[in-house]
Amino acid sequence: MTLRLDPMLPSDWPAVREIYLEGIASRQATFETEAPTWEAWDGSHSPLARLVARKGETVVGWAALSPVSSRQAYAGVAEVSVYVAQSQRGCGLGRQLLEALIGESETNGIWSLQAVMFPENAASVALHRRCGFREVGRRERIGKLGAVWRDTILLERRSRRIGID
């Protein structure tokens, strides 16, 4: 079945939410313990670049940007989120989504992307590195997931096209 990447629509939310819930259940993708409502998710993510991957009519992955700050100095900085359905992991879909998200971000004037993840999420760390992200730091015991303190690592990718003046 052919894979295609499309802009995310509000009607995609139920499928996007299910994929997000799989990430939550893994306890390796996010500190969140439940998926937000569409309204909360929509309000916290940039409208500039929201993508879904479809096999046929089935959403099998998604990617989106979130602003990192409301300050004007950081208008071109965004945080990436990439989630792939458990049944589709290891097939290169995450890379397709992240590369498309990078392209969309640059089309929309974003000069720096960041990703925050658990260091144990080796597949995601490797994916981001393959797409030009570099590790800039580790935050030790930054938050608890359940009763367990977790570290995160911060990765960033600076555009070679936007903000180079």
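**Pocket, strands and salt bridges**

The largest pocket in this structure has a volume of about 1100 Å³. Its lining counts 42 residues, and closest to the centre are Ala29, Val82, Tyr83, Asn121 and Ser124. Before I go on: this is a predicted model.

Seven of its eight residues are buried, so β4 is largely enclosed by the rest of the structure. Now its partners. On one pairing, β3 and β4 run antiparallel, joined by seven bridges. Look for Trp62 there: it stands opposite Tyr83 in β4. Tyr83 is also one of the residues closest to the pocket centre. The other pairing is with β5. Here the strands run parallel, and three bridges join them. Glu79 stands opposite Gln114 in β5.

A quick general point for anyone tracing side chains here. In a regular strand, they alternate between the two faces of the sheet.

Pro14 sits in helix α1. Is Pro14 buried or exposed? It counts as exposed, at 52% relative accessibility; the cut-off is over 50%.

Strand β1 covers residues 3-7, and it runs antiparallel to β2 with five bridges. Strand β2 is residues 50-55. Five of those six residues are buried, so β2 too is largely enclosed by the rest of the structure. On its other pairing, β2 meets β3 in the antiparallel sense, over six bridges.

Then look at the turn. The hairpin of β2 and β3 has two residues between the strands, and Gly56 takes a positive phi near 65° there.

Now the charges. How many salt bridges does the structure hold? The count is 13.

Number one is Glu57 with Arg4. Their side chains meet at 3.7 Å, N to O. Glu57 is in the loop between β2 and β3, and Arg4 is in strand β1, so this pair ties together parts that are 53 residues apart in sequence. Glu57 is exposed, with a relative accessible area of 64%. Arg4 is partly exposed, at 34%.

Number two is Arg150 with Glu120, at 3.2 Å, N to O. Arg150 lies in strand β7 and Glu120 in the loop between β5 and α4, so the pair ties together parts 30 residues apart in sequence. Strand β7 is residues 148-158. Arg150 is buried, with a relative accessible area of 10%. Glu120 is partly exposed, at 49%.

What does Arg150 touch, leaving aside neighbours within four places in sequence? Its contacts include Arg27, Gln28, Phe31, Phe118 and Glu120. Further along the chain, they include Arg139, Arg141, Ile142, Gly143 and Leu145. Note the arginines in that list: Arg27, Arg139 and Arg141 are among the contacts.

Number three is Arg129 with Glu135. The closest N and O atoms are 2.7 Å apart. Arg129 counts as partly exposed, at 45% relative accessibility. Glu135 is partly exposed as well, with a relative accessible area of 36%.

Some salt bridges share partners. Arg4, Asp6, Asp12, Arg54 and Glu57 are joined that way into one network.

To recap. Strand β4 is largely enclosed, and so is β2. Among the salt bridges, one pairs buried Arg150 with Glu120.

Key. Residues are numbered from 1 along each chain as its sequence is written. This is a predicted model: local features need pLDDT of at least 70, side-chain atom pairs count only at pLDDT 80 or more; totals for chains, interfaces and linings use all residues. Side-chain values use heavy atoms; hydrogens and water are left out. On a 1 Å grid over the protein atoms alone, a cavity is a set of points where a 1.4 Å probe fits but cannot get out, and a pocket is an open set with protein on both sides within 12 Å along at least five of seven lines; lining residues have an atom within 4 Å of a point. Grid points are joined across faces, edges and corners, and a volume is the space filled by probe spheres set on the points. Helices (H or I, at least four residues) and strands (E, at least two) are DSSP runs, numbered from the N terminus. Contact means heavy atoms within 4.5 Å. Buried means under 20% relative accessible area, exposed over 50%, partly exposed in between (1.4 Å probe, protein chains only). Two strands pair if DSSP finds at least two bridges between them. A salt bridge is a side-chain nitrogen of Lys or Arg within 4 Å of a carboxyl oxygen of Asp or Glu.
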